[in-house]
Amino acid sequence: MLGKLAKWLRVLGQDVIYGQHLTGYGLIRAARAEGRLILTRDRRLKQKQPPPFILIESDHYRDQLRQVIENCQIRVGSAIFSRCLVCNARLQDRAKKAVEKLVPPYVFATQEKFSWCPGCRKVYWPATHHASMLEELRKMGVQ
Ligand SMILES: [Zn+2]
């Protein structure tokens, strides 16, 4: 239910673990083991004596993101686009010629800067999706 929030927090460079399996006591155990802050919509979680958590109030990811940015005092922009949106690993810069076989020919011909994910091997480049994400953040009033 917080998948969109998780994705946007990763866009901002935040270290976020997300998955359907993370509920109830499993969630609490995982958060304790890794020293993580829990973001949840589950009002009953506090009865289970969890580690620190934020109860997400809104159903809408834009409001959710605003809430987390405010509560955690995240500096938007300092680590933006530094994390894989799929698997959360920190992206690494990659030389252009090293990604030639991994990206579409048009992208290779028109882009100069690439990064890639050492976890899932997805290649990233700052094309239009960066611009549209920045626009989306502006609309949310957080950029
Ligand atoms: Zn990845």
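**Glutamine 111 in the predicted model.** In this predicted model, glutamine 111 counts as buried because its relative accessibility is 17%, and the cut-off for buried is under 20%. Glutamine 111 sits in the loop between α4 (105-110) and β4. Leaving aside residues up to four places away in sequence, glutamine 111 touches Lys96, Trp125, Pro126 and Ala127.

Is aspartate 59 buried or exposed? With a relative accessible area of 61%, aspartate 59 is exposed, because exposed means over 50%. The residue belongs to the loop between β2 (53-55) and α3. When residues up to four places away in sequence are not counted, aspartate 59 touches Arg41 and Gln64. Aspartate 59 and alanine 79 are 20 residues apart along the chain, and a distance of 26 Å separates their C-alpha atoms.

**The zinc site.** Which residues are the protein donors of the zinc ion? They are Cys84, Cys87, Cys117 and Cys120, each through its SG atom, and they lie 2.3 Å from the ion. The site is tetrahedral, with angles of 94 to 121 degrees among the 4 donor atoms. It counts as tetrahedral because all angles lie between 85 and 135 degrees. Along the chain, the donors of the zinc ion have the spacing C-x2-C-x29-C-x2-C.

**Two of the zinc donors, cysteine 84 and cysteine 120.** Both cysteines are protein donors of the zinc ion. The pair links distant parts of the chain, 36 residues apart. Cysteine 84 is in the loop between α3 (61-72) and β3 (92-94), while cysteine 120 is in the loop between β4 (114-116) and β5 (123-124). Cysteine 84 has 0% relative accessibility and so counts as buried. Cysteine 120 has a relative accessible area of 34% and is partly exposed, because this value falls between the 20% limit for buried and the 50% limit for exposed.

**Helix α5 from end to end.** Helix α5 covers residues 128-140, which makes 13 residues. How far apart are the end C-alpha atoms of this helix? They are 18 Å apart, which agrees with the span of 18 Å that the helix should have at 1.5 Å a residue. Just after α5, glycine 141 takes a positive phi of about 80 degrees.

The buried residues of α5 are His130, Met133, Glu136, Leu137 and Met140. Seen down the helix axis, these buried residues fall within an arc of 120 degrees, so they line one face of α5. They pack against α1 (3-11) and α3. On the other side of α5, Thr128 and Lys139 are exposed.

**The whole protein, for orientation.** The protein has 5 helices and 5 strands, which follow the pattern α-α-β-β-α-β-α-β-β-α along the sequence. Its C-alpha trace spans about 55 × 30 × 20 Å along the principal axes. Of the 143 residues, 38% count as buried. Among contacts with a separation of 6 or more, 45% are between residues 24 or more positions apart. The protein exposes about 9,100 Å², and carbon and sulfur atoms supply 51% of this area.

Conventions:
Residues are numbered from 1 along each chain as its sequence is written. This is a predicted model: local features need pLDDT of at least 70, side-chain atom pairs count only at pLDDT 80 or more; totals for chains, interfaces and linings use all residues. Side-chain values use heavy atoms; hydrogens and water are left out. Donors are N, O and S atoms within 2.8 Å of the metal (3.2 Å for Na, K and Ca); water is not among the atoms, so sites may look incomplete. Four donors count as tetrahedral if all angles lie between 85 and 135 degrees; four count as square planar and six as octahedral if opposite donors are over 155 degrees apart and all others between 65 and 115; anything else is irregular. Helices (H or I, at least four residues) and strands (E, at least two) are DSSP runs, numbered from the N terminus. Buried means under 20% relative accessible area, exposed over 50%, partly exposed in between (1.4 Å probe, protein chains only). The expected span of a helix is 1.5 Å times one less than its number of residues. The arc is that of the directions from the helix axis to the C-beta atoms. Contact means heavy atoms within 4.5 Å. Accessible areas come from the Shrake-Rupley method with a 1.4 Å probe; for residues, only the protein chains shown count as cover.
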